[in-house]
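Trainee: May we study this structure together, one question at a time?

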Amino acid sequence: LVCRFSRSAIIDDHTYPGDGGVLSVNNKPVVYPLFRERGAVDKEQLDRGFALLVRNIECLLQMRKVEFHRGWNVLAKMEKLCMHVVDGSVD
């Protein structure tokens, strides 16, 4: 995850065939923007980046044994993760 305010992105250096991502050329990581810029960012790239972000957050929650519901939106999941990391709260 590259955090650059409104220009954040996911760098995927572990894309596998059949996983929905684009295979990198010359073994370089693929960058998926988390922002929409008319004419510069494809909807498929944005969707893939968002899916990777959600998967990453869910993985972090599971690793820390924090309960969450898959139906929650990504902001609710992120808030739960942040609260757990900051003060150990799991409510």
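Trainee: Where is tryptophan 72 found?

Mentor: This is a predicted model, in which local features need pLDDT of at least 70, side-chain atom pairs count only at pLDDT 80 or more, and totals for chains, interfaces and linings use all residues. Residues are numbered from 1 along each chain as its sequence is written, and side-chain values use heavy atoms, with hydrogens and water left out. Helices (H or I, at least four residues) and strands (E, at least two) are DSSP runs, numbered from the N terminus. Tryptophan 72 is found in the loop between H1 and helix H2 (74–87).

Trainee: Does tryptophan 72 count as buried, exposed or partly exposed, and why?

Mentor: Buried means under 20% relative accessible area, exposed over 50%, and partly exposed in between (1.4 Å probe, protein chains only). Because its relative accessibility is 30%, tryptophan 72 counts as partly exposed.

Trainee: Which residues does tryptophan 72 touch, not counting residues up to four places away in sequence?

Mentor: Contact means heavy atoms within 4.5 Å. With residues up to four places away in sequence not counted, tryptophan 72 touches Glu67, Lys77 and Lys80.

Trainee: With which side chain does the side chain of glutamate 58 make a polar contact?

Mentor: Glutamate 58 lies in helix H1 (residues 43–63). A polar contact is a pair of N or O atoms within 3.5 Å; within protein, one must be able to donate a hydrogen and the other to accept it, and residues adjacent in sequence count only if both atoms are side-chain atoms. At 2.6 Å, the partner of glutamate 58 is the side chain of arginine 70.

Trainee: In what order do the elements of the chain run from the N terminus on?

Mentor: The secondary structure comes to 2 helices and 2 strands. From the N terminus on, the order is β-β-α-α.
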